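Subject: Handover of a structure for your study

Dear colleague,

Please find below the structure that I am passing on to you. I would ask you to keep it open while you read the notes that come after it.

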Amino acid sequence: MSIRIDREACVGCGLCREVCPGNLIRADAQGRAYLKRPEECWGCASCLKECAHGAIYYYLGADIGGRGGLMQVRSAGDLTHWVITRPGEPPVTITVDRRSANKY
Amino acid sequence: MMKQQYLTCDLLIIGGGTAGCYAAITAARRSPELQILIAEKANIKRSGCLAAGVNALNAYITEGQTVQDYLEFVRWDAEGIIRDDLVRTMAERFNEATADLEQMGLVIQKDERGRYVSRGKQNIKINGENIKPILAAQVRRYGNVRVLNHLNMTQLLLDAGRVVGAAGFSVLEEQAYAISARAVLIATGGAAGLYRPNNPGFSRHKMWYPPFNTGAGYAMGIRAGAEMTSFEMRFVAQRCKDTIAPTGTIALGAGAREVNALGEVFEQRYGLSTSGRAYGASNEAREGRGPCYLRTEGISAQQEEDLLKAYLNMAPAQTLKWIESGSLPSRQNVEVEGTEPYIVGGHTASGFWVDTRRRTTVPGLYAAGDVSGGAPKKFVTGALAEGAIAAEAVLDDLGEQSDGSQADFRALAQPVLEEYQSRLAAKSGEAFDVFALEEAMQKVMDEYAGGIRTGYRYNANQLSLARSQIASLAALAETLRAEDMDELVHIYELTDRLTVCQTLIAHLLERRETRWPGFAIHTDYPAPRAEEERYVNSRLVDGQIRVFRRELVKEGAYEHTD
Ligand SMILES: Cc1cc2nc3c(=O)[nH]c(=O)nc-3n(C[C@H](O)[C@H](O)[C@H](O)COP(=O)(O)OP(=O)(O)OC[C@H]3O[C@@H](n4cnc5c(N)ncnc54)[C@H](O)[C@@H]3O)c2cc1C
Ligand code: SF4
Ligand code: SF4
């Protein structure tokens, strides 16, 4: 369970670092975000929701069934688009509307 | 050199999670002059249990139900070991706290007549993805609440037996803090990471309870001589395999029954209590009928879509897993497993022994939320309720109390701040680092104190081994040195977990019965015993854990008298 940060896409805004409940994300010398110890990630996705630059990817470790899939979050007002890509498969987008309650 | 900063406030809240944020809101509303300070290890926007979001409000008095019904339900579920006064006083506030959350902006599902839509007898449906940002935004509206994020607290400061403040350090920079306060509320949540987890390798932190809630509050209280209750009532959760995501949404929401590998529904053999359910699944597997599943095969396309979305709002790993594996829940039942044991007073009765108003046994110290004992099944609304109850008690108590002298505070704090400095030192060829000792602790607890490995079973011999091995790890932990602040945090986290383990083992040894077989099986005493229908409590006296019994509190309010 962890996240991967695309350092090319990161603009160093620091928002992900600010919210991580485990203080796991740090800044390199250029101010760009990196995850110090990937195995300490809880998988809460707080950092993904903060990143307006699509620089953070969420994945499952191979030990819990990860097979190369990646998940990203794009927020647009009350809508949250969760985009899942898998090797050799078309991407899947699931959109959740904050204004509607869970059906379950 | 680590910089030192001294701060002063009226009310110091340690831990800005669910209970801590709501305590601050309650106190600030009632007393705009009160100087309130929240010391939070991460950032209150997404810290603690609510980080990923929650799926429902699990504790609500729905139409036709009463506070007494909730009390009876909790008593039944916990096999009698609860504090009636604590459960009643929190349940009385569930609905008020819920209405308040809705005012703050939480989305709650309503029917055409504007009533909340319930999910079973005690739950209501919400969109809880942003519940923590909502609470945090509310906190920021009060000018008299100051929030210090990224501040890890480690030690209560006592003067003549009274708590007068606490010390901690920044997790990011070399800066130590000593904060003097007229009252301190502990709201640091429960303890995860004591036992070897379900996924001990790369995904070691893919656990149910936040791995960053390390039992700091329990440990601070234990060291300060506070009385603790019911640590032996550990919590083992039934969760989705691998992702350790909650299962209630599938079971209650989509109506999925639990089945063994033969497809048999087995719940009637074990009972429907939380412990009974956990025992059922683990025993079915033990007897060769595992693994167990939630039977989702055949759910409708709409139900499936709703499930995928619901999990994104609280446990996104599960949705990714469904999509990535191609094993969608309509096509494949969802495998479940039991977690490693946690100490969490929001689900069971473990935690600080408090009076009805959430005062601990140490003057000046209050406790609310998962860190506080005696009141299982708190969930979100119970944590809010306890935060409010404790805040009101603080306001009443401070009214009666005169300002203490500040002169001696620095003298009290200085040794603690110096210890931080002395630990932050270059390494000199030590054989172990903090991660090696953490792994060792988890292994000992797993094997000798009833972890996953033994199916939550232990006997007195094993517990004695656990006790001596944890003590030797605690001694080793004292020699650890940190290269940076991040490592310093890990060292104090390990120390706190070891402190919690020691109290936990003492409690497990004392309860000579098996009352909650899903949570713990004492193989020397494999059945419940009537004479054990009492609390197991403990207190650290002169460095020794003293364990003792108290009779059940049934009626009225409870005050500390001894
Ligand atoms: C994954 C998960 C899902 C849940 N789902 C639901 C649900 O759907 N419905 C429901 O009703 N309940 C749910 N619960 C239960 C509910 O969320 C908790 O009982 C409740 O939030 C606990 O509140 P708390 O304030 O005690 O702890 P938390 O909210 O965890 O707050 C503890 C705070 O203390 C901070 N802290 C810890 N140590 C230190 C330290 N040393 N110094 C400073 N700060 C520190 C932490 O960072 C954190 O912010 C869920 C719990 C979990 C873990
Ligand atoms: S939020 Fe995104 S852009 Fe900002 S620091 Fe983090 S990764 Fe970089
Ligand atoms: S997913 Fe959560 S725990 Fe993991 S790095 Fe992001 S914010 Fe931190």
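The notes below go through the chains, the ligand and some of the strands in turn.

Please bear in mind throughout that this is a predicted model.

**The two chains**

I begin with chain A. It contains 2 helices and 7 strands. Read from the N terminus, the order of these elements is β-α-β-β-α-β-β-β-β. Along the principal axes, the C-alpha atoms of chain A fill a box of roughly 45 × 30 × 25 Å. Of the 104 residues in chain A, 53% are buried.

Chain B has 15 helices and 21 strands. Its radius of gyration is 23 Å, close to the 24 Å that the globule rule gives for 562 residues, so chain B, too, is as compact as a globular protein of its length. The box filled by the C-alpha atoms of chain B comes to roughly 70 × 55 × 50 Å along the principal axes. Buried residues account for 64% of the 562 residues in chain B.

**The surroundings of ligand 1**

Which residues are the closest to ligand 1? They are Thr18(B), Glu40(B), Ser47(B), Ala56(B) and Asp370(B), out of 34 residues that surround the ligand. By type, the residues of this shell divide into 17 nonpolar, 14 polar and 3 charged.

In the side chain of Ser47(B), an N or O atom is 2.7 Å from an oxygen atom of ligand 1. At Ala56(B), a backbone N or O atom lies 2.6 Å from a nitrogen atom of the ligand. At Ala187(B), a backbone N or O atom is 3.5 Å from an oxygen atom of ligand 1. On its own, ligand 1 has 1,000 Å² of accessible area, and the protein covers 97% of that area.

The elements of chain B that give two or more residues to the shell are α1 (18-30), β3 (54-57), β8 (151-159) and α11 (379-400). Among the contributors, β3(B) gives the most, with 4 residues.

Is strand β10 of chain B mostly covered or mostly uncovered? This strand, residues 175-186, is mostly covered, with 11 of its 12 residues buried.

- Strand β1 (residues 3-14) of chain B pairs with β10(B) in the parallel sense over 11 bridges. In this pairing, Ile14(B) has Ile186(B) as its bridge partner.
- Strand β9 (residues 162-170) of chain B runs antiparallel to β10(B), and 5 bridges join them. Gly165(B) stands opposite Ser180(B) of β10(B). The two strands form a hairpin, with 4 residues between them.
- Strand β17 (residues 365-367) of chain B runs parallel to β10(B), and 3 bridges join the two. Here the bridge partner of Leu185(B) is Tyr366(B).

The loop between β10 and α6 (216-223) of chain B contains Asn213(B). Why does Asn213(B) count as buried? Its relative accessibility is 12%, and a residue is called buried when this value is under 20%. The side chain of Asn213(B) is joined to that of Tyr209(B) by a polar contact of 3.5 Å.

**An open sheet in chain B**

Finally, please look at the open sheet that 4 strands of chain B form in the order β12-β15-β14-β13, with antiparallel pairing. β12 (238-240) and β13 (258-259) stand at the edges, and each has a single partner strand, so one side of each is left without a neighbour in the sheet. For β12(B), the pairing is with strand β15 (residues 334-338) of chain B: the two run antiparallel and are joined by 3 bridges. Within that pairing, Arg239(B) has Glu337(B) of β15(B) as its bridge partner.

With kind regards

Conventions: Residues are numbered from 1 along each chain as its sequence is written. Chains are lettered from A and ligands numbered from 1 in the order in which they are written. This is a predicted model: local features need pLDDT of at least 70, side-chain atom pairs count only at pLDDT 80 or more; totals for chains, interfaces and linings use all residues. Side-chain values use heavy atoms; hydrogens and water are left out. A residue is near a molecule or strand if one of its heavy atoms lies within 4 Å of it. A polar contact is a pair of N or O atoms within 3.5 Å; within protein, one must be able to donate a hydrogen and the other to accept it, and residues adjacent in sequence count only if both atoms are side-chain atoms. Accessible areas come from the Shrake-Rupley method with a 1.4 Å probe; for residues, only the protein chains shown count as cover. Ala, Val, Leu, Ile, Met, Phe, Trp, Tyr, Cys and Pro count as nonpolar, Asp, Glu, Lys and Arg as charged, and the others, Gly among them, as polar. Buried means under 20% relative accessible area, exposed over 50%, partly exposed in between (1.4 Å probe, protein chains only). Two strands pair if DSSP finds at least two bridges between them. The radius of gyration is taken over C-alpha atoms; the globule rule is 2.2 Å times the number of residues to the power 0.38.
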